[in-house]
Amino acid sequence: KHRTMSLAFKKGFLSAPGPTKKESKREQRRKKALPDEAYLPADEYDLAADDDILEEDPLVAEVETSEQAYQYSVEFCRAHCNQWNQGLMKLDPMTNLNFANSLRAAAFNRKLWGHHDGPAAQSTRALSKTANLLLPSGIVLHYREWGNEQAPPIVMLHDVCDCNHVWDDVAQPLSDKYRVLSIDFRGHGESSRSPRREYGVEHLVEDVHELVVRLSLNGREWGGAFTRPWVLCGKGMGGAVAVAYAARHEGRVAGLVLWDYEPAMRKERLCFNPYQAGHFSGQESLGYVLGKQYGLLNDYKYLAIMFTNRCEYVNPEDIAAGCRFRIDPYFFLSNMSPGIAWTQLRSVATKCKIKLVHSQNSVDWSFTRATEVCRHLKEGSEQGAPLEVGLVIASRGTTLDEDGNLCEDLQKLFAGIAAHVLEFADGIDRAARAKLKSSGDVRYEPISKEELEAREASREAIRQEAREAAGFMRKDDAALPTFEDFDD
């Protein structure tokens, strides 16, 4: 009997029990532990419900300081973009591949050429230059400039969790006639962060004012009046800062362009970003968050551009270290009261021109709400005089692809924004020139094409004479005599 059992074991019909190995306590706890699905509700895996969560979140109303904004962002990221959820944040394989290639190209082109398109359109694109400004507060303010320094200025302010590059495609068409400046707010982009976490509206306004004064954007008469009008543009949070600046420094700004802004916007949309303290394991998960928020899941080109504008790697030499948003995690636009902001906006509307720009299909600012804001501003004049407030719509170029998915051409959106700003600035410039002409301070004379060619020929002749005079000089010519040579 014993021999038959051993043969059966050898034939493989039965399996002999092997030596049992004692399991460790860690493995025993792992077997008894509940699955991860038991700790997180299933609806938190879908980021499409984030907007509903933000609108109904009562904790946002309690955020009043930078520390509270940081703690809220930490808890929000733990619930919505923890390691488990990040494993589910996946782009389409082909979109992810194209996104990775476009991301490398955009970062390289911007570092080398200053623009995400690189040298492809270098001959037709205006060159920009960057500079840093040390402010009395100790903040190093980074800004970018296009155009001629003698041209009328246009200053552009970006949104929360963004940088000056968001205005690149808007500033290019304007640089032929205007001097365009785009800054990085403190705590954003290449500007330094505030060690004291001073990110109130008054601090950002003073940063902009220091730039205006240092660069002498406003001319002055002997009586003290400003002689050079300029336009201030703001998107989202930048619009709030622009209105506060125009209200505090009266007479400096001739016109405001407010892009997707109103004082009644949600606090987590206007004052801080709920994801600003998040740490993402890779570029795909962070790209998924951006694509979900802005509808760019199928547009890998502009998804890469937005990633380059808003995000950074924790360690550029080690991609595996993860990535994050390029913003101070403690940033919070404090002292931003909707009531005070509405009062400032109504006051500014009586002193300068305002153009409201609504992005087509915007998830942050509906067209109905934009129409109501424009109507309230026009009716808000106490003297009854008509206010110069207008509303325009910037088309996003929304189309359907072969699979029926929505695709947006952001190049068309930026071109539309540039056209509206150019028309607005041209109107202000024409009004200023007409005022100077009527007062007799300047005189405009028509110049024919032949006169222009004659003046250019005269300048070219002078330059040619200078070249010929320089050609007679040689390197081995004797030095000019000095007074010491005539002492004898």
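Q: In which helix is phenylalanine 108 placed?
A: Helices are DSSP runs of H or I with at least four residues, and strands are runs of E with at least two, numbered from the N terminus. Phenylalanine 108 lies in helix α6, which covers residues 93–113. The model is predicted: local features need pLDDT of at least 70, side-chain atom pairs count only at pLDDT 80 or more, and totals for chains, interfaces and linings use all residues. Residues are numbered from 1 along each chain as its sequence is written, and side-chain values use heavy atoms, with hydrogens and water left out.

Q: Why does phenylalanine 108 count as exposed?
A: Buried means under 20% relative accessible area, exposed means over 50%, and partly exposed lies in between (1.4 Å probe, protein chains only). Phenylalanine 108 counts as exposed because its relative accessibility is 52%.

Q: Is alanine 100 buried or exposed?
A: Alanine 100 is also found in helix α6. Alanine 100 is buried, because its relative accessible area is 14%. From C-alpha to C-alpha, alanine 100 and glycine 287 are 9.9 Å apart in space, although 187 residues apart in sequence.

Q: How many residues of helix α12 are buried?
A: Helix α12 (residues 300–310) is mostly covered, with nine of its 11 residues buried. Among them are Tyr302, Leu303 and Phe307.

Q: Against which elements do the buried residues of α12 pack?
A: Contact means heavy atoms within 4.5 Å. The buried residues of α12 pack against helices α6, α11 (283–294) and α15 (410–439), and against strands β7 (311–313) and β8 (323–325).

Q: In what order do the eight strands form the open sheet?
A: Strands of a sheet pair through backbone hydrogen bonds, either parallel or antiparallel. Two strands count as paired if DSSP finds at least two bridges between them. Here the order is β1-β2-β4-β3-β5-β6-β9-β10, and the pairing is mixed. The edges are β1 (128–134) and β10 (389–394); each has a single partner strand, so one side of each is left without a neighbour in the sheet.

Q: How many bridges join strand β6 to strand β9?
A: Strands β6 (residues 253–259) and β9 (residues 353–359) run parallel and are joined by five bridges. Leucine 256 has isoleucine 354 in β9 as its bridge partner.

Q: What do the totals for the chain show?
A: The secondary structure comes to 16 helices and 12 strands. Of the 488 residues of the chain, 43% count as buried.
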